[in-house]
Amino acid sequence: MKRIKTLLLSVIFISLLTSCKPAEDVFASDGVAPEKESKPVSEITAAIIEGGDFPEMTAKTADDLEYKYGLDADGVVEASFYVNPAGTNPDEIVVLKMASADKAAEAAEFFEKYAQERLKSWRDYLPAEVYKLENAVIETNGDYVVMFICGDGEKAKEIFEESV
Amino acid sequence: MSRNNHSLSNSKRETSLTPAVVALNLLIAVILIMLGIFLYVYMTSPLPAQSTEPSRGETSPTIVASPDETESAESEETADTTFVPEMTKAPLTSDSEPGETDEPGETGEPGEIVEPGESGDGSPPRTDYEAGFFSGTLFVGDSIFTGLSGYGLIFAGNVFADIGLSPAGALSKTINNRGVIETAADFDRVVIMLGTNGLAAANASSISESMKTLVNSLKSAYPGIETVILTVPPVASSVSSDYSVTIDMINEYNSLLRGAARETGCILIDVSALLKDDGGYLRGDYAQPDGMHLTVSAYKALLSYVQTELE
């Protein structure tokens, strides 16, 4: 009997050692798996630029948002965007993290109007580049809003979705 | 007899419930219950996502910030090079060496035409402009002037410019819901470089008249404002015959701007001459591949020259 009890205790302790999860996982507040961490928006836009075929582009920050787009910086948590600086191409890559999904939706509406205005200007100025504006990708993803005016907006979108 | 007694003793030991035995059994029961709880939680909680090692740092772009572009002005980037110049808010200062100390150029007076070389000693154009010098200046222009803020050379709030803008269009244009007259209220000087786009659709004379209208509108709204007109840049020889705007049209327009400046009491600075090569076309190192827009070194030379003449 003693041997049986000893053996049973041994089995129990071994089972405990092999079946326990780390405390933080077992006692997670809601039992939900931890979220995948998103990259900073500056890294996302840089990855898009690096991964695509772009003309000369310069990086801009939240400080330039208001002057470039007239977009109120209130509600913008993180901002990164690239533009063609020389005035020779309409390419723009914008990734904003907003304070909420509602703010992101508002910003997306803003960018839709912006892209339409730019389309009118570029149609008269350089028609060969107009397709980039006609195929502009403007979308939201949770708190994120993006605008991709470039030769391959779908590729930019793919890189973005892999990063958030 | 003894064997039976031994057997009886053994059976007694096997069946007696001593406190130690009871405690041990209770312990085993507690452990079994805890094990059961752990197994239940483990089986019912979702599986953790496949964790991927953060790739931060591994995808750091090869784009390199080059804050000190002045030193590399001679080996200028082309449109195929992706770069990220550092941008800081105004006042900006270019990180150039002290360089040569130019004698102060003659101060431009209203109605005066200032040409390159009048105040210099024939040495290469300066590129060490001070962005802070232009903190009270509004630059009004077309796609060429968008490069001032695009490249981070001038604070974006000091630039009222857009693609396709002409002198006539500038009066009706709004940027961020503000027209040029409204925007100019925040400044004590306006520097205007417009006309190239207009030449594609109208003759030099009518564009020059539109420029006078623009300047007079600004002076009427703000009598004390300083107005400066810049001649428009030349185009490269490789594209002059292809574009609807040729070098001859540009030269004709620039000559008419002299009269417009005199009539409206503006300073006129002939930056076109600064940007030309020996053949009278846009210098190769100042030209984007399209032969019309400017490189960073061109902008720096332009701004430095304007600063020199206005100081």
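Let me begin with a term: contact, or touching, means heavy atoms within 4.5 Å. This is a predicted model, in which local features need pLDDT of at least 70 and side-chain atom pairs count only at pLDDT 80 or more, while totals for chains, interfaces and linings use all residues. Residues are numbered from 1 along each chain as its sequence is written, chains are lettered from A and ligands numbered from 1 in the order in which they are written, and side-chain values use heavy atoms, with hydrogens and water left out.

With that in hand, please look at Arg189(B), which touches residues including Phe133(B), Gly136(B), Ile225(B) and Leu310(B), if we leave out residues up to four places away in sequence. Arg189(B) belongs to strand 6 of chain B, residues 189–193, where strands (E, at least two residues) and helices (H or I, at least four) are DSSP runs, numbered from the N terminus. Arg189(B) is buried, at a relative accessible area of 10%, given that buried means under 20%, exposed over 50% and partly exposed in between, with a 1.4 Å probe and protein chains only.

Now to the sheet of chain A, where 5 strands in the order 1-2-3-5-4 form an open, antiparallel arrangement; two strands pair if DSSP finds at least two bridges between them. Strand 1 (58–61) and strand 4 (137–141) of chain A stand at the edges with a single partner strand each, so one side of each has no neighbour in the sheet. Strand 4 of chain A is joined to strand 5 of chain A by 5 bridges, and Thr140(A) has Val145(A) of strand 5 as its bridge partner.
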